[in-house]
Amino acid sequence: MEGSKIKLKQAYIYGFGPWVDKEMYFPNESYSLIYGENEAGKSSLQQFILFMLFGLPPKKRQFYYPKTSSKMGGRLIVEDRLHGEIEIERLDSVQKGAAVCRINGNTVKDESWLKEQLAGMNNSIYESIYSFSALDLIQLRKMKSEDFGEILFNIALTGATNVQAIEKKLDSKLAELFKQAGKIPKINVQIEHLEQMFREWKRLEQEESVYRDKTLQLSQRSEEIEQIQTDINDLRRKLISIQKITHALPTIYRHYQQKEKLEQLPLALRFPEDGRRRLQAIKDPLLSLKSERAVLCEQEKIYINKHTKLKQSHVEEANYLSALNLQQKYKEVVHWKQQMVHINKSIKTIDAQLAASQEKLHMPVNIEQIKATSFPFYLEKKWSEIKQQTEQVQLEKEQLQQIESELKIEANQLQKEIETKRERVLPEADYDKLKAKVNRALIHEQMHQSINHTEKSHLNWKKTKTKRKQRAKQVCFGSILFTVGLVLVDIFLMEISILIPALFLILAIGFGQLLLTNRTIKTTDAFFKHLHSHQTINVIEHNELDRIQRILEEQEELKNEVSMLQKEKKKAQMELLKLEEKQRALEIRNNRTKENMNAQYEAYPFLSSVEPAFWPEVYHMLKQIVQMMDEKEEMQRNYKSLEKREEAFVLQLIHFLKQHGKYIENKPIEAYIEQIERFTTNYTNTLKDLEHYEQLIIENKEKKERIEQKITTYENEIYGLFKQANVRTEDAYFEVADLWDEQVNIQAAYKESYEELRVRFSKQLIEKWQKEVPDAKALEQKERDVKRNLQQLEAELEKKRQQAANLQAEIGNLERSEALSYATYRLEIEKEKLQNLAQEWAVYKTAKEMLGETKRNYRQKYLHAVLKKTTIYFSYITNQQYKKVYEPTEKEGFRVETEKGLIYRIDELSQGTIDQLYISLRIAVSELMSEKHRLPFIMDDPFVHFDLERTKRMMKVIQQVSKDQQIILFTCKKELLDWADAAHIIHLGKTEQLMKQ
């Protein structure tokens, strides 16, 4: 949106204040007038447009959250000169109300892109330049009259109402900080306070010289005390070290003895770590494993013996498979018997169903005839079609009869209504007479308005005439007095001849002005008298005019209604003709259906006793009877087949039993099957036992192998322990273990004493004592010498401390709580405070100068263009009554000049004229700003104090301006709708949108 050249096209409100799911259109070729009564939602709609363009803070969004919807937001479609159509969508629940922009329905942009395209325009600037309401006029009426012109100028040129307030605030801040002749300002007070503090600081500085000498002496004593203290600390550390060695002498002697014992043990002694326990841990599981190996060998012999016996008594596998096959077949025989029983039951059931179906048919036909009759697959479809055709023909016949009756009734009613309406219609001659009366009345109304305007002009002229007469007399009288004065001066100077022409010229000007004014007054009076002589107008009463207009409107409505009723009657007659065609076509279809039914009666005579509606059900019952008879024959064949298969199985079973010597005559088949089952069970049990013993033999061998491996592992571990101890037998191993334990104990004691000494002494000192132990008597002598030196140093330290204390007391008397240093500290703080105040004053001073320079530059650059446009609009709105608007000066605000040359101050105008001047300024500023930002101009009921004529002119100004800039006008005044000839009118509270062409 380079340069912000945009126009609104469409708005869709998801939810905003009272609006939910509302859609509006804004055409390009006209301005939009949005009409709605109070609380119709005009202000909310205006805020929605601003919300879509610039967004709203969270609290303000919460204020406009809809009561009847969970969505707050909407979308606004605008047209931009550079990018084309842009859809701006905002939702309170999405990205905190940030905008989502879609360019031509494809490219998606975010809030930052929208701000960039608006080129710095925000909500505040837009409302101050492009948005205007009656509330702004209310704020202006509250201002004082002497400040009105300046405040109006600031609003028009800067787009903000607080320019004057900022200037006053800057002046107040500068006065609070500094004045050349004042005591209350902060900088003046601070300068005086600094002078007092500086005088006190000079007095304290003179006492500083004595203080420095005492401080130097105290510093020297402090250094001496510190050196003595250092020497004392060294001696004390030396005394503590001697005492520590004396106390540790027993440990030092013990450590020395342990070192000698270690040196006496053999150097090549080796033994496994924890060797005794490890050998015993190996011997215990080794004995257990050997015992377990003997048990496994005994069990293996038992398993082999049993396996051999079972194998000798085992039968051949072929016999077992034959017996198993007979068992499986017997299960099939049992299933065959169950099937035979089920088949018998099914045959009986089918017989019962056939009897019931024959009885249910109630037709002269039996089961055998049905079995012999053929029912092809397409017969069902054909009978169903005949049923549907019969029912459809009957249904359509009834419907057509009903429609025919309704159409005849409707035609009769329409004819009666037409006759009733025609009786109320006036003759054409009477209608034309009434219409002529209305036209004459409207012409008279316009003439009456012209007369009123002439009367107002005449009254203004009477006031102006009196002022002009007085002014002409004053000029004439002044010229006479001035001439007399010059004559007296000439007489006194004795130079009359020089000034005579000037005297006559001045008198001529004075009397000429008087004569010219009188002639102008007479001419104007004659003009108004002439106008009054021709103002004879016949006026019709308003009540009579309203009555005639209502009659004309009713006649128009009656004519329209009669025309509509005639069209409806003609339409009903056309429907009756179409209905007759449908009835003839239906009769043809009925005859074809009857021919199809006769053909079926010939092929299937029993259908003559059944209605066609039941033919599909009859077909299904006949097909079921045929299907049941086929199922019965199939079951009888299956029963015979099962009997033959059972007999063959019994013969095979008897042959097997005879072959193995287990057949007994006259036994039931179940007893033979039991013998077969015992045979197969014995076979499987023997086979399982053989497999079981084979598995036991294998598992026993695997266990023996694992135990052998473990025994070998343990024996290898024992050999490894012996090898580490460098022995071959167990006895020699334990002898080496005793020597090793002794060496370990001595090493532990040696390490313990070393660690005990290491905690208190250095490593180098301990190594020295391992070679030579200290002498106890020499240590005692060193301790006595150190104590004596320590006492001497402590006495000298006490003496120095006393001297330092005396100097400290003298310095304390001079310092008097460090008054000089504190005064210096406070002086620096106050200087810094004065510097900060001076910087603050400089900032405010610079800001005021920059603001004044900015206003002067803006005024110089845009004032002429703004005033020129303002004058054009203001002059047109007031019907050329005012021809010029003057810029404000330092002493006065805006002034206006009438067509007669009279100049009025802003406070001398009526409130309506002030509003018109203010709106002219706002439109002029908007057009000037439109060179960079061509945005929609929004007005909210700004014509509160406008009369009828100026309101009409204002609407024409809006129409003209809207050709270059989109304008949206909100109003609650219904009369504006009649004057908005070219506007796109939107009625709030209605579903339709009207547009007057």
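Modeller: Before we start: contact here means heavy atoms within 4.5 Å. And keep in mind that this is a predicted model.

Biologist: Got it. So what is threonine 913 in contact with, leaving aside its neighbours within four places in sequence?

Modeller: Phe874, Tyr882 and Arg950.

Biologist: And where is threonine 913 found?

Modeller: In helix α24, which covers residues 911-929.

Biologist: Does threonine 913 count as buried or exposed, and why?

Modeller: Buried, because its relative accessibility is 6%, and the cut-off for buried is under 20%.

Biologist: OK, switching to the cores. How many residues has the largest nonpolar core?

Modeller: 79 residues. Leu33, Phe943, Met954, Met955 and Ile958 have the most contacts inside that core. Apart from it there's another core, of 45 residues, including Ile343, Ile386, Met621 and Tyr672.

Biologist: Back to isoleucine 958: which residues does it touch, not counting those up to four places away in sequence?

Modeller: Tyr31, Met939, Phe943, Ile967 and Leu969.

Biologist: Is aspartate 21 buried or exposed?

Modeller: Exposed, because its relative accessibility is 52% and the cut-off is over 50%.

Biologist: And what about phi of glutamine 880?

Modeller: Positive as well, near 65°, and glutamine 880 isn't a glycine either. You'll find glutamine 880 in the loop between α23 (819-877) and β9 (882-886). At 42% relative accessibility, glutamine 880 counts as partly exposed.

Technical notes
Residues are numbered from 1 along each chain as its sequence is written. This is a predicted model: local features need pLDDT of at least 70, side-chain atom pairs count only at pLDDT 80 or more; totals for chains, interfaces and linings use all residues. Side-chain values use heavy atoms; hydrogens and water are left out. Helices (H or I, at least four residues) and strands (E, at least two) are DSSP runs, numbered from the N terminus. Buried means under 20% relative accessible area, exposed over 50%, partly exposed in between (1.4 Å probe, protein chains only). A nonpolar core is a set of buried Ala, Val, Leu, Ile, Met, Phe, Trp, Tyr and Cys residues joined through side-chain atoms within 4.5 Å.
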